Amino acid sequence: MQLTNRSKQVSNKEMTLAEKMYLPAVIGGLAITIRHFFRKKPTIQYPEVKKYLGPIYRGHHVLKRDEQGRERCTACGLCAVACPAEAISMVAAERKKGEESLYREEKYAAVYEINMLRCIFCGLCEEACPKQAVYLRHDRMVPVFQERDEVIYGKDRLVEKMDDRYVRIASSEVQATPTEPSLTRAAT
Amino acid sequence: MDLTILSAKGIIILAVFGITLLIAMYSTYAERKVAAFLQDRIGPNRAGPWGLLQPVADAGKMFFKEDFIPSQASKWLFILGPCLAILTALMSSAVIPFGDTIRFSWDSKNYEVAVQAIEINIGVLYIFGVVSLGVYGIMVGGWASNNKFSLLGAIRAASQNISYEIALGLSLIAILMMTGSLSLRAIIDEQASFFEWNVFTQPLGFIIFLTCAFAECNRTPFDLPECETELVGGYHTEYSSMKLGFYLFSEYINMFVSSAFISALYFGGFHYPFMDLVGGALENSLGAVAGHNVATLIGVVVFFAKIFFFIFFFMWVRWTLPRFRYDQLMNLGWKTFIPLSILNVVITGAGLLFNFKYSTWLIAIVMIVLAVMSSARAPKRTVVPQQTV
């Protein structure tokens, strides 16, 4: 069965003398390769230059706060249920009097942990969340870790900082490389 | 011999030796860069500026690898193999004339020393002898490894080198007939004017010689002795550490020497167009001694430019052409190159009878005409329309 249009018919026909001499074909090949020699290289020098990966790239997790700076997460556990790698665990707690400015609803996550060794960055937690609390940032990656005790990210590293808010922006608005911190601040 | 000439020669020998090693070292870097550029990549650029320290890093890595000798291998022959390979590779650059002469005066005596390690009147023969010894390094190493792949690679290397040495020698005989000397310096001096470069008088011989040089150096498209796709690593499958390094290094030295040999035999060596004018002007303005030395220096630079071009060409071809099949290799060597080079010798001799140097163009023209005729008569390639699913 033919799948593509690109297959080439091969034949066993006798080569002509010009083909037997190889030289015309050799020169043709050399011409092709030397054109590539002077061509602009598409390589991106990775650690120095980073490519914009698009607004739907799934990177570092973030626990969003709302407009008044209250945590959105209600510790419903849907993200943990959705997680195929079982990377998320949490401990729920009831909001006390006087904590209304910290948590949006009566229940909140006292502990919220993601094991970054388990996480496969599929983004199912983000889809599962009914409160728009957990997001995978498109502009930041989880940094490389060397030690096992670094891999479990608690609330201290997941909850959004008020001076470093995360806004997912459309690709048409993006100008700079996303890893530059200036970009996220400008978009907020 | 005079002690001054002896010490001057000693300096030149050391310089040639050092330059050979340096060029071989940076050939590895150049190979990777050229390969990368031909494949739209960038190549090594992390060690030092533009990756220039990469050969040093490679050598450091090679030295710290485990030096492994297989338990069933013949130990002394296993060690002897790479030693022979690098020894013969380093010996062959001794007779290549890198430039004209250098004049200097010492102890109120005037000297004129050729920029060449040893001036012997059988330079071509010497190179041939040493190069054909080079195959022993591969043969001994591959056989001593006690490994089927190594042995196959070694056998291929031996048969390939022996087959192509015949055509190599025969294509050279035409030049020797024209020059009447086996001395490389005499061959270069013969090519003083641009249109008498042997590439113009011996176009067919040049192509045969170039192709055979590729085969002699075990370079792609004739790298059957070490083809990774069939024989793991070929003759150096069992080698590691600096023994492997010696094999790889000897390949690059061979490449350098054959580039130098090709430029000396066919591209006028250290000659360049209007050389006499430049030399005369320099001697007029700087004096007979300094002007002559500067002119020699320019000649050396030109010679090295030619060598570097051919080293580049070796790499360019390597990353362009796929490997020949073994029967294709043997057919090309025995059934095409040897008859053609014999014909080349005959036609050159016939031309020399009438003092006509460009007689071998006759073969080239006849071949081009035949090729055009046969491709015109060949049935047109019929394009079968392909239906899509």
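Two residues are in contact here if their C-beta atoms, placed from the backbone, lie within 7 Å. Keep that in mind for chain A: among its contacts between residues at least 6 apart in sequence, 72% join residues at least 24 apart. Before going further, note that this is a predicted model, in which local features need pLDDT of at least 70, side-chain atom pairs count only at pLDDT 80 or more, and totals for chains, interfaces and linings use all residues. Residues are numbered from 1 along each chain as its sequence is written, while chains are lettered from A and ligands numbered from 1 in the order in which they are written.

Let's stay with chain A. It has six helices and five strands, where helices (H or I, at least four residues) and strands (E, at least two) are DSSP runs numbered from the N terminus. Of the 188 residues in chain A, 16% are buried; a residue is buried if 20 or more other C-beta atoms lie within 10 Å of its own, exposed if 12 or fewer, and partly exposed in between, with C-beta atoms placed from the backbone.

An unreviewed UniProt entry marks residues 21–38 of chain A as "transmembrane region". UniProt positions are given in the numbering used here, feature names are shortened, and annotations may be inferred rather than shown by experiment. In the model, that span is 83% helix and 0% strand, with its end C-alpha atoms 28 Å apart.

The unreviewed entry also lists a "binding site" at Cys83(A), Cys119(A), Cys122(A) and Cys125(A). These are spread over 43 residues of sequence, yet they cluster in space, with a largest C-alpha distance of 10.5 Å. Look at Cys83(A), in the loop between helix 3 (78–82) and strand 2 (88–94) of chain A. Cys83(A) counts as buried because 20 other C-beta atoms lie within 10 Å. Setting aside residues up to four places away in sequence, Cys83(A) touches Ile88(A), Leu124(A) and Cys125(A). Cys119(A) sits in the loop between strand 3 (107–115) and helix 4 (124–128) of chain A. With 20 other C-beta atoms within 10 Å, Cys119(A) is buried. Its contacts, leaving aside neighbours within four places in sequence, are with Ala85(A), Ala87(A) and Ile114(A).

Most residues other than glycine have a negative phi, and most peptide bonds are trans. Ala75(A), however, has a positive phi near 55°, and it is found in the loop between strand 1 (61–63) and helix 3 of chain A. Ala75(A) is buried, with 23 other C-beta atoms within 10 Å. Gln132(A) has a positive phi too, near 50°, and its place is in the loop between helix 4 and strand 4 (134–136) of chain A. Gln132(A) counts as exposed, since it has 11 C-beta neighbours inside 10 Å. Over in chain B, a cis peptide bond joins Thr220(B) and Pro221(B), with omega about 5°. Pro221(B) is in the loop between helix 8 and helix 9 (228–231) of chain B.

That brings us to chain B, which has 14 helices and two strands. Of its 389 residues, 41% count as buried. The unreviewed UniProt entry lists several stretches of chain B as "transmembrane region", including residues 76–98 and 360–378. Residues 76–98 of chain B are 70% helix and 0% strand, with end C-alpha atoms 37 Å apart. Residues 360–378 of chain B are 89% helix and 0% strand, and there the ends are 27 Å apart.

Finally, see where the chains meet. The contact takes 19 residues from chain B and 20 residues from chain A. On the side of chain B that touches chain A, helix 1 (3–38) and helix 14 (361–377) of chain B each supply at least two residues. Helix 14 of chain B gives the largest share of that side, four residues. The residues on that side of chain B divide into eleven nonpolar, six polar and two charged; Ala, Val, Leu, Ile, Met, Phe, Trp, Tyr, Cys and Pro count as nonpolar, Asp, Glu, Lys and Arg as charged, and the others, Gly among them, as polar.
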